[in-house]
Amino acid sequence: ETEADRDVDADVDPGVDVDSILLPGERQSVAIGRHWVVRTAAARGAVGMTNQVLELLSSELLANAVLHGPAQAGIGLQLVVTDQLARVSVSDGADASPVVMRTDPSALNGRGMAIVEAMSSRWGVEVHEDGGKTVWFELD
């Protein structure tokens, strides 16, 4: 278990299944990761609107990791689904934390974290002592 694993699992009860994959820090990883979240969440019982919101918010976090993470670095993606919540965590090697921006409605980008903030039950950032961070969100 790495330091990053302990940080991400800190809020997850012991004994809860954590599904995870490692993706390359490349543009196509956004779609691959998003589809993995949808399939894995559905297999764990998250369906309907919950799964659609998981898909959208996962896509936002993955896009940020690809866009702002170090080139050629991997992206960790974790999913936990219980009867009470669904939690997605995206880890990358960048030290800078995401910012919720209030952008003009006609702006082409910059609203990803505002969407995460508006549609998730909770979200946060865990900075890793050895570099990088994990950005996560939960849906009740």
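Tutor: Searching the whole structure turns up 0 aromatic pairs, a pair being rings of Phe, Tyr and Trp (its six-membered ring) with centres within 6.5 Å; planes under 30 degrees apart count as stacked, over 60 as edge-to-face and the rest as tilted. This is a predicted model, in which local features need pLDDT of at least 70 and side-chain atom pairs count only at pLDDT 80 or more, while totals for chains, interfaces and linings use all residues. Residues are numbered from 1 along each chain as its sequence is written, and side-chain values use heavy atoms, leaving out hydrogens and water.

The protein chain has 4 helices and 5 strands (DSSP runs numbered from the N terminus: H or I of at least four residues for helices, E of at least two for strands). Of its 140 residues, 39% are buried, meaning under 20% relative accessible area, with exposed over 50% and partly exposed in between (1.4 Å probe, protein chains only).

Let's follow α3. Its 21 residues reach 31 Å from first C-alpha to last, close to the 30 Å expected at 1.5 Å a residue (1.5 Å times one less than the number of residues). Among its buried residues are L54, L57, L61 and L62, and the cover over the buried residues includes β1, α2, β2, β3, α4 and β5.

Next comes β2, where 7 of the 8 residues are buried, so this strand is largely enclosed by the rest of the structure. Strands pair when DSSP finds at least two bridges between them. Strand β1 (residues 19-24) joins β2 through 6 bridges, running antiparallel, with L23 opposite I75. Another 6 bridges join β2 to β3, also antiparallel; here L79 stands opposite V88, and 4 residues lie between the two strands of this hairpin.

Finally, look at V90. Leaving aside residues up to four places away in sequence, V90 touches L61, L62, A65, I75, G76, L77, K133, T134 and V135, where contact means heavy atoms within 4.5 Å.
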